[in-house]
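Please examine the sequence and the structure shown below. The paragraphs that follow lead through it step by step.

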Amino acid sequence: MPQVTHPAHRNGDFLVDYEEKVFEDVKADPGEKALVTFHTVAFEGSIGFVNLLQATRLQRKGYDTSVLLYGPGVTLGVKRGFPKIGDEAFPGHQNFNNQITKFIAEGGKVYACRFALQALYGHGEGSLIEGVRPINPLDVLDIVLLHKKAGAVIIDTWTL
């Protein structure tokens, strides 16, 4: 039977080198844009939250950053809570709301498709987090095309 001879890891230990950065820290040039799209369901995986963090990072790097919530992605932009709206039913329950609120407070723009909001998920515009702007379903393609024409960084977030 093999023997484990090294001590167990302890809180505060480093398992990898967090100090080394391989690539330069890229910042946006004046006027550069970024778009992060979400066609993913809140709480169905980590990608929705991770790419909200990426959107915030792009904003902090100087990109004029927008988030597009469409299809199931609108579920990231609705007010939630239990037993009352705003209450955190379990740790992390308000992650999406808190991150979107922070992103908007830092100058980011968030858009939510009205079709998905009502027809697919039964919500009205009053369900949206403060600062999330509802848009016509025909705007979903146009916001992507406008960002492509502007040469923007585009991150598409999809889950199946």
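Which backbone oxygen does the side chain of Arg 80 reach? In this predicted model, the side chain of Arg 80 comes within reach of the backbone oxygen of Thr 75, at 2.6 Å. Arg 80 itself is found in the loop between β2 and α2. Although Arg 80 is buried, it has no salt bridge. The nearest side chain of opposite charge belongs to Glu 44, which is 10 Å away, whereas a salt bridge requires a distance within 4 Å.

Five aromatic pairs are counted in the model. In one of them, the ring centres of Phe 43 and Phe 96 are 5.0 Å apart and the planes stand at 90°, so the pair is edge-to-face. Phe 43 belongs to the loop between β1 (33-39) and α1 (47-60), and Phe 96 belongs to helix α2 (residues 95-105); the pair therefore ties together parts that are 53 residues apart in sequence. Phe 43 is partly exposed, with a relative accessible area of 38%, whereas Phe 96 is buried, at 3% relative accessibility.

A further pair is formed by Tyr 70 and Trp 158, whose ring centres are 6.3 Å apart and whose planes stand at 80°, so this pair is also edge-to-face. Tyr 70 is in the loop between β2 (64-69) and α2, while Trp 158 is in strand β5 (residues 153-158); the pair therefore ties together parts that are 88 residues apart in sequence. Tyr 70 is buried, with a relative accessible area of 16%, and Trp 158 is partly exposed, at 47%. Ring pairs also link Phe 43, Phe 49, Phe 90 and Phe 96 into a cluster.

The nonpolar interior comes next. In soluble globular proteins, nonpolar side chains tend to be buried together. Here the largest nonpolar core contains 33 residues, and those with the most contacts inside it are Val 67, Leu 68, Leu 69 and Leu 76. At least two residues of this core come from each of β1, α1, β2, α2, β3 (109-113), α3 (114-120), β4 (132-135) and α4 (139-149).

Note on methods
Residues are numbered from 1 along each chain as its sequence is written. This is a predicted model: local features need pLDDT of at least 70, side-chain atom pairs count only at pLDDT 80 or more; totals for chains, interfaces and linings use all residues. Side-chain values use heavy atoms; hydrogens and water are left out. Rings of Phe, Tyr and Trp (its six-membered ring) pair if their centres lie within 6.5 Å; planes under 30 degrees apart count as stacked, over 60 as edge-to-face and the rest as tilted. Helices (H or I, at least four residues) and strands (E, at least two) are DSSP runs, numbered from the N terminus. Buried means under 20% relative accessible area, exposed over 50%, partly exposed in between (1.4 Å probe, protein chains only). A nonpolar core is a set of buried Ala, Val, Leu, Ile, Met, Phe, Trp, Tyr and Cys residues joined through side-chain atoms within 4.5 Å. Lys and Arg count as positive and Asp and Glu as negative; His and the chain ends are not counted. A polar contact is a pair of N or O atoms within 3.5 Å; within protein, one must be able to donate a hydrogen and the other to accept it, and residues adjacent in sequence count only if both atoms are side-chain atoms.
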